[in-house]
Amino acid sequence: DDQYFLEPGDLRVREALSVLVGEILTAYPDLDGLQFDYIRYPDRRPAYGYTKMNMERYKEATGRRTIEEESEAWKKWKRDQVTDLLEALIKKVRAIRPDIQLSATGCMPYVRANQEAYQDWASWLKRGLVDFVTIMSYPPDIPEFKKYIFEAKTRSVNFKKVNVGIGAYK
């Protein structure tokens, strides 16, 4: 997509974003909530995750010597990095503003979220990590849109905590 992304597994990224979140909450004390958008890896091309720090942390944590793009171990690692980043940011927010509403944007269909964006937004809701999720429901036709909504209902423990983002541009 010709976009640049910050590496969720890079501890420097986590620290920088944590500082930024603190600055936002300090500068805008009347905020009702924060939405963590793009809390994910980008689409599959180009492949992300290969920073020196990330690869070293992966190898140390898993005991593996090589990284295989399609291995379940690597996918799980990347998924864990996205969740760990979100947890770190939420911890920062809750320390400053325990009352604020927190949400994250989730990709649809869920297989894309889980296997390409490395998000597990359903578990974030289930664990109460976020107060709600906004799913990106951008299909070009109504049957596929309905399919996304049905899938989101089956993935969420409480569908009232799922907002549906509609791709009106389509």
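**Note on the aromatic pairs**

1. The model holds seven aromatic pairs. Rings of Phe, Tyr and Trp (its six-membered ring) pair if their centres lie within 6.5 Å; planes under 30 degrees apart count as stacked, over 60 as edge-to-face and the rest as tilted. This is a predicted model: local features need pLDDT of at least 70, side-chain atom pairs count only at pLDDT 80 or more, and totals for chains, interfaces and linings use all residues. Residues are numbered from 1 along each chain as its sequence is written, and side-chain values use heavy atoms, with hydrogens and water left out.

2. Take Tyr50 and Trp74. Their ring centres are 5.3 Å apart and their planes stand at 35 degrees, so the pair is tilted. Tyr50 sits in the loop between strand 1 (33–36) and helix 2 (52–62), and Trp74 in helix 3 (residues 72–96), so the pair ties together parts 24 residues apart in sequence. Helices (H or I, at least four residues) and strands (E, at least two) are DSSP runs, numbered from the N terminus.

3. Tyr50 is partly exposed, at 33% relative accessible area. Trp74 is buried, at 0%. Buried means under 20% relative accessible area, exposed over 50%, partly exposed in between (1.4 Å probe, protein chains only).

4. Trp74 also pairs with Tyr58, edge-to-face, at 4.9 Å centre to centre and 85 degrees between the planes. Tyr58 is in helix 2 and Trp74 in helix 3, 16 residues apart. Tyr58 is buried, with 1% relative accessibility.

5. Ring pairs join Tyr50, Tyr58, Trp74 and Trp77 in a cluster.
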